[in-house]
Amino acid sequence: MDKRIVILGGGTAGTLTANRLQRTYGERECRITVVDQDDDHVYQPGLLFVPFGLAQPQHLVRSRPRQLHAAIDYKMAQIERVDLDARAVHLSGGIRLAYDVLVVATGAALLPEETEGLTGPGWGENVFTFYDLPGAVGLHGALEQFQGGRVVVNVADLPLKCPVAPLEFAFLADWYFQRRGIRDKVQLTYVTPLDAAFTKPVAAEALGGLLAEKGIELVTEFTLGQVDGTGGRLVSYDEREVPFDLAVVVPLHGGAAYVGRSQGLGDELGFIPVDPHSLQHPEHPDVFAIGDAAGLLASKAGSVAHFEGETLVHNIGRFLAGQPLDATFDGHTNCFVETGYHKALLIDFNYDTEPLPGHFPAAVGLPLLKESHANHLGKLAFEWLYWHSLLPGRELPGIGSAMPERGKNHVHA
Amino acid sequence: MSTATYDDNAVPVDDEGFFTEPDRWTEAMAEQIACEAGIEELTERHWTVIRFMREQYAAKGTGPTVRVLGKTSGVTVKELYQLFPKGPAKTAAKIAGIPKPRGCI
């Protein structure tokens, strides 16, 4: 059939989609091109561990094209814009790529400059983020110097990548300061725009309980309006203040910049509106989005990209064959939540079912919403699976796209 | 599921007081809901946001978040908090008679 599939973004979602497509349809059926602006594929789950010295930055980065099947064309270039009517992508250097199917997988961008004062005085000194590699490395240095005072972990607003990571940071910070013997000199505060520790009631109760158990103060419904690095204050839009000596802020997120320059492609935040089940753009059937770039009411997490991949690859095949789409994504999300002391929780949910206690993936398995050493080992083992199974587009044993129902206890908060 | 009475009409609401049937809402109910939410008088700026919330709900099936409101409603986030001090998206959704906005996780 010799169709041209262009995938914008060579991160988790773009890479696994390209490799799955290559495996499924092969060179005779389609030509796949992946575009990204650099050669650094960062293992993002590892960023959480860098500030605490539990991961080395250089071990988290690998070459983007080397994660792609040899038959896939990789173009390293800036994306200027997508011309939906002409079915073409314009890249830097005057390159024009025509497509039969476009997959947007350019993730979410950090927008710290959109919050007043966040990148002003104090940025990189007493105000940090660990959501990118330089920030995580800088924070490692700051934590090593820290001898006591107020540490604040703050989520500026939704949506954000890996919504459990800020909670994990708070739990790990508690453990880190315990190990250093200065926990009694550190006040830890978790500040969130949500009305609880997490969005869904049962998980919010479990995770909020853990914060309390670890002596971490919880401040809710705090939408970050301003960061005053010099004065050491976070200020909310409703004029409440949280003082700090060290602030760890998850900045606002938006879609990639070129989305805003591509008429009709994205929404007001630069994410791509797609059908939540088919992942197809509502107005441009030849456009699909996957992973953090998609404007879905699902978590921006690598597991979501993984589970979406199966649906997306099947639906692209149906679309190219002129058949109605029949694969549906259920919103499946699966996250290990590190809690320190070599333990982790596991949560597993979808559009309709919130994170519940029980076991994963069946009545016998890893405990859900409960700390265990097995979950911690699962989180550590995932890094190998990421590079060797998930990115190459292979199935993870026992973990399918559809959320498993067996093993879940349907309790009420 | 419970009911609330506004403008002499009993309407179904969820546990937090958000309308579950937005078609049952009338503009006459808004002042009363606002009063319950601690807003004494609805100005034209409040109405700009309330009407925008209803339009967005009709188009997308969920009300916008504060961030989206700030980018698209013509009212800045700062002013939104002045108009609806206890959380603009939730308060405006309640007054506009639409379900609680669903955020991302």
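This is a friendly dialogue on reading some features of a predicted model.

Colleague: I am new here. How do I read the way two helices pack, and at what angle do helix 1 of chain A and helix 6 of chain A meet?

Modeller: Two packed helices are described by the angle between their axes and the distance between the axes. In this predicted model, helix 1 and helix 6 (residues 302-320) of chain A pack at about 35 degrees, and their axes are 9 Å apart. The crossing of helix 1 past helix 6 in chain A is right-handed.

Colleague: Which residues of helix 1 of chain A meet helix 6 of chain A?

Modeller: On the helix 1 side they include Ala13(A), Leu16(A), Thr17(A), Arg20(A) and Tyr25(A). Among those they meet in helix 6 are Ala305(A), His306(A), Gly309(A), Glu310(A) and Val313(A). An α-helix has 3.6 residues a turn, so residues three or four places apart point the same way.

Colleague: Is Arg20(A) buried or exposed?

Modeller: Arg20(A), which sits in helix 1 (residues 12-29) of chain A, counts as buried because its relative accessibility is 7%, under the 20% cut-off. Leaving out residues up to four places away in sequence, Arg20(A) touches His306(A), Gly309(A), Glu310(A) and Val313(A), and also Gly393(A), Arg394(A) and Glu395(A).

Colleague: Let us turn to another helix. How does the span of helix 2 of chain A compare with the expected one?

Modeller: Helix 2 (residues 133-145) of chain A has 13 residues and spans 19 Å from first C-alpha to last, close to the 18 Å expected at 1.5 Å a residue.

Colleague: How do I read a nonpolar core, and which residues touch the most other members of the largest one?

Modeller: Think of a core as buried nonpolar residues joined through their side chains. The largest here has 64 residues, and Phe130(A), Phe169(A), Phe177(A) and Leu207(A) touch the most other members. Helix 3 (residues 165-180) of chain A supplies the largest share of this core, 10 residues. Another core lies apart from it, with 52 residues that include Val104(A), Val259(A), Val287(A) and Ala298(A).

Colleague: What does Phe169(A) touch, beyond residues up to four places away in sequence?

Modeller: Its partners include Leu48(A), Pro51(A), Phe52(A), Phe130(A) and Val248(A).

Colleague: Now the loops. Where is Tyr43(A), and what does the side chain of Tyr43(A) reach?

Modeller: Tyr43(A) is in the loop between strand 3 and strand 4 of chain A. With a relative accessible area of 3%, Tyr43(A) is buried. The side chain reaches the backbone nitrogen of Glu383(A) at 3.5 Å. Tyr43(A) also touches Leu60(A), Phe382(A), Tyr386(A) and Trp387(A), among others. Sequence distance and spatial distance are separate things to read: Tyr43(A) and Gly302(A) are 259 residues apart in sequence, yet 9.9 Å apart in space, C-alpha to C-alpha.

Colleague: Finally, chain B. Why is helix 5 of chain B called largely enclosed?

Modeller: Helix 5 (residues 88-95) of chain B is largely enclosed by the rest of the structure because 6 of its 8 residues are buried. Those buried residues pack against helix 1 (27-36), helix 2 (44-60), helix 3 (66-72) and helix 4 (77-83) of chain B. Just after helix 5 of chain B, Gly97(B) has a positive phi of about 70 degrees.

Definitions and conventions: Residues numbered from 1 in each chain as written. Chains lettered and ligands numbered in written order. Predicted model: local features only at pLDDT ≥ 70, side-chain atom pairs only at ≥ 80, totals over all residues. Heavy atoms only, no water. Core = buried A, V, L, I, M, F, W, Y, C linked by side-chain atoms within 4.5 Å. Buried < 20%, exposed > 50% of the residue type's maximum accessible area, 1.4 Å probe, protein only. Helix = DSSP H or I, 4+ residues; strand = E, 2+ residues; numbered from the N terminus. Contact = heavy atoms within 4.5 Å. Expected span 1.5 Å × (residues − 1). Axes fitted to C-alpha atoms, helices over the stretch in contact; angles between N-to-C directions. Left-handed = near helix turned anticlockwise from the far one by under 90°. Polar contact = N/O pair within 3.5 Å; in protein donor to acceptor, adjacent residues only side chain to side chain.
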